[in-house]
Amino acid sequence: MLSLLLLIPFLGAFVLLLSPSNPPPGRMRAIAITTLALQLLWSLRVLLAFDPHQGGMQLQDSLSWVPMIGLDYRLGIDGLSLPLVLMNGALTLVSAVCTRDISQRPRIYFALLLLISGAVNGAFLAENLLLFFLFYELELIPLWLLISIWGGTERAYAATKFLIFTAISGVLILGAFLGLALFTGTVDFSLTPIVSERLSMGSQLVLLVSLLIGFGIKIPLVPFHTWLPDAHTQASSPVSVLLAGVLLKLGTYGLLRFCLGLFPQAWALVAPWLAIWAAVSVLYGSLAAIAQRDMKRMVAYSSVGHMGMILLAAAAATPVSLLGAVFQMVSHGLISALLFLLVGIVYRKTGTRDLEVLRGLLNPERGLPFTGTLMILGVMASAGLPGMAGFISEFLVFRGSIGVFPLATLLCMLGSGLTAVYFLLLVNRAYFGRMAITPPSEDPSADARLDIRLSGVALRETLPALGISLAVVGLGLVPAGLGWLSETTATAMAELPALLLAASHGGLG
Amino acid sequence: MAHSLPLPIQLVWLIPLYGFSGMVLSLPWASGWIKRNGPRPAAYLNLLLTLVAVLHGSLIIREVLALGPQHLEIPWFQAGDLDLLIGFDLSLTNLAALELVTFMSLLCQVFALGYLDKEWSLARFYALVGFFEGAMAGVVLSSNLFMSYFLLEMLTLSTYLLVGFWYAQPLVVTAARDAFLTKRVGDVLLLMALVALSSWAGSLEFSDLYRWIDTAQLAPLPATLLGLGLIAGPMGKCAQFPMHLWLDEAMEGPNPASILRNSAVVTCGALVLLKLMPLLRLSPVAIDVLLVVGTISALGGALVAIAQVDLKRTFSYGTTSYLGLVFLAIALQKPLLALLLLFAHGLAKALLFMSVGSVIATTNCQDLTELGGLGSRMPATTTAYLVAAAGLTGLFPLGCFWCFGWMVDTFRAGHPMLAGVVLLTNTLTAFNLVRVFRKVFLDKPHPKTRRSPEVNWLMALPMVSLAVLVLLSPLVIERIDPFLAIPSFSTSSTMLVVGSGLVGVLTGCLVQLDAFWSRSLFRPLGMLQDLLAYDFYTERIYKATIVAFVAGLARLTNSVDRVLVNGLVNRIGSASLASAEGLKLGVSGQLQSYVLTLVAAIIMLLASLAWLKG
């Protein structure tokens, strides 16, 4: 059942790549959208088959592949991966829908998009460490190409930076997985938690730190975040949607699944440091965002801040905080995708994203009132205003973590408060006031353009953003649905260390 | 049990939804999807829904009078040890507050039909007012802290949007920003306290929290921080010192929203504080802070109001001042007194703002120095102003007189200083009201006020009805006296209150207005005028301290990010490129040496592995 989630996008990619003659770009887009819609439908089918009351992996597909090196094809899904798979389906579809008038190599573009979607699904579903790694790497090269071919003016620099950082992350993760095999002396790459009987705490710590840095680059956490703002500013907005909405989640997913899931005991040991790291990351990201002038850079730094909260939640590892981590992954995915889409519209219409240049975009006749309205909704959701997805996620994270790490939690809440500062500045600068576009110049009064009339935004352009906005509000008002899906898994993960401890002391009898 | 309740009570969850659905229903007009016939239908829809909310509320009051207080809850989100509910406490106080909120909203919406007659985006205004009303109705009824917080934040958002209604004006831009950020500071602190409480006490229902507080064992530091966090949210909402900055700037928004903001919204904030009052026993520091903040706000607000030349701003500082008195009452654990003051102030202040709104709508001017002589031209507005002023001061036996009498009588014994604060606030308020009255209504006509007819009926109707209501307030107070149990206060207290009001009125009558406006040449007095006119330079102090601090920190982080983190990465990159360039020249091109290097490397690798294992 789950294999279809990989097969559909991969098949679509092959159809696109191998289709004879040269179909017009419109048809390729149609093929890609159809494939992705099918994939989304199938993930909904998986959702129907999913039993939220089971803690472990479900709907498993298994096939022995290369048993000599422990590489098994094993897929499974639980309350942690299911929301992410759904979000991957939805957001890749959104980014394909948002790709209009692509003139340069549409065939490769859409094929790469499908490839990424399939690989990400594979990474979320893999139940074997090596299989996860394969998919993790598989998603990397297509994204590099997406940035370096269809990116902005400095795409070569950004794409290379992205590639090097993420490749190092991959090496560290692979090193840790192989190290696991080396230290334990087996080729068991399944997802069984490592207990201290099997591996000394020192070796566990080495492996865990290697994994942490590997995933920390991907999330990204300070100080490994510096590839993200560049990648975002140079990538086109559909690619940014994908990057922020889906690919960053690979990092946090890995954090929960492999760091916390494989080394629960070592994790408990380093958790206080992780909480501090999370607080630093949140504050650093938020403060750096305040100083940005480029809207996309600002949203990118806000990602650094918001993803740091997931580390806090994972460090605390209580049932509520882990549920909060799942919520935060979903809501950050949706909200940042929404913001990138809207910034993309602004960029397309005005040719700039500079906050010093743009003024008064809310202007009802000549500006972008509807985009502005959605933007206000998006930034408020990101700032954690109740009634939208950001609030309940952050509330769960904070509520789950404050008992374990009070100080780090309070600092993270401060960072969440700073979100309001920079996003309010964004709205106030770019959307409020008298409409004008003032390019930086010696004589602003002469060069400012007050007589602009931006071309109207068609409904089909805002439709994806509208859809995501509804999802953001819906999740904020009725969070019980996602809670129902993920709660059992989160509780099971949170109880893992205690269970292991009990098991190793024979407490379970 | 829920099934045995009468239908209006079972459907109480609809009450906040009336406002919210009004917002949703206005969207087609607000967003311009429906352009035919103009935006009026959105306004009518909202009015209708608000009317339904008022009627539903009064039905519930009837049932509750018969059945006693009720409590309803609906599960919202449950995970682990966390249980979040949508809860409604149908006590008489909450319901009375609900009626105040919805009725005020109704009056304001009628008033706005006249005031914003030619407004291009009328539908957007009504959508926002619907949002506003829904959030307020929810806050006053909510039975748990989580829901209160949830809706208070929505109130913050809708305040931001309402203040930013005319977003193209430069002053509005800063006003909306300050309104949001100031309240947000309070809200984040409240959220910190809320999260901590939720973790410690388990439940967030007010009734459970009251039980928890009796047995709670908290160290002094967490208890103090908790108390401070809890009062921070209402402080921001009620525009208390030092978070009072936003309210006067918020007067840049449309006047009908200002009516609601100065009467109903601040009441909501204070009601939340009232519900939190039993928890404050944990922390004596928080109580002291409450007393200090209340005193400073009461006196400071009243003083700053006197030095303002803007018609709306001067009365918005008056709101800060009265809410300061409410804070004093809450700090001294006098909930009924606080409630009575909130109601009396809410009604009278709304009337005052309606009258002021009428003046602004007719003259298109809110600068006191350019107004004058309206008294004979706008009789209804003048009457409304006089009634509101009488209701606000402790001189005539209208609403606030009873509150001040009660306050002075109770404070005199234990806290003579606070009684003095109340009396002084009364004097200053009376002085300010008389000053503005003389200037706007009695002074000789100015160019802008020469042709100023009375307002149209859509504005006059709510104004006159509210004036009647304020005039009837003694009767209302008499009706609810068994419930409030106002102590009969002594003659000396009455004399004090009336005396303080009289002093204010007399000095207000006697003071030289013309000389007052020009800056005094006497230097200390001039400096005092400036100090008050600029609101103790609060804005500049903020700019120089907290804003500069955060901005500096942000710049520092950004430069660290650019120079240190990113610079390091780039330097590693260029170093590796440079070394590759250098190595390129050092290659001999001999195959044998490559093989030798490879073999040596492999041997070293194997040797080190063997050493590690061995």
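Which residue takes a positive phi in the hairpin of S1(A) and S2(A)? The residue is A:Gly70, whose phi is near 75°, and the hairpin has four residues between its strands. The structure is a predicted model, in which local features need pLDDT of at least 70, side-chain atom pairs count only at pLDDT 80 or more, and totals for chains, interfaces and linings use all residues. Residues are numbered from 1 along each chain as its sequence is written, while chains are lettered from A and ligands numbered from 1 in the order in which they are written.

Within the pair, A:Ser62 stands opposite A:Arg74 of S2(A). Strands (E, at least two residues) and helices (H or I, at least four) are DSSP runs, numbered from the N terminus.

Helix H14 (residues 369–382) and helix H18 (residues 459–477), both of chain A, have axes that come within 11 Å and cross at roughly 35°. Such axes are lines fitted to C-alpha atoms, for helices over the stretch in contact, and angles run from 0 to 180 degrees between N-to-C directions. The crossing of H14(A) and H18(A) is left-handed, a term used if the near helix is turned anticlockwise from the far one by less than a right angle. Among the residues that meet are A:Phe370 and A:Leu374 in H14(A), and A:Ala465 and A:Leu466 in H18(A). By class, this contact has seven nonpolar, three polar and no charged residues. Here Ala, Val, Leu, Ile, Met, Phe, Trp, Tyr, Cys and Pro count as nonpolar, Asp, Glu, Lys and Arg as charged, and the others, Gly among them, as polar.

The view now widens to both chains. In total, 36 residues of chain A are in contact with 37 residues of chain B, where contact requires C-beta atoms, placed from the backbone, to lie within 7 Å.

Chain B has 24 helices and two strands. Of its 614 residues, 52% are buried. A residue is buried if 20 or more other C-beta atoms lie within 10 Å of its own, exposed if 12 or fewer, and partly exposed in between, with C-beta atoms placed from the backbone.

B:Arg479 lies in helix H19 (residues 473–484) of chain B and is exposed, because 10 other C-beta atoms are within 10 Å. B:Asn558 belongs to helix H23 (residues 538–586) of chain B and is partly exposed, because 18 other C-beta atoms are within 10 Å. Leaving aside neighbours within four places in sequence, B:Asn558 is in contact with A:Ala288 and A:Ala291.

Finally, the largest nonpolar core contains 395 residues. A nonpolar core is a set of buried Ala, Val, Leu, Ile, Met, Phe, Trp, Tyr and Cys residues joined through C-beta atoms within 7 Å. Among the members that touch the most others are A:Ala278 and B:Met136, and H13(A) gives the most to this core, with 19 residues. Not counting residues up to four places away in sequence, A:Ala278 touches residues including A:Leu312 and A:Cys412.

Definitions and conventions
Contact = placed C-beta atoms within 7 Å. Pairing = 2+ DSSP bridges.
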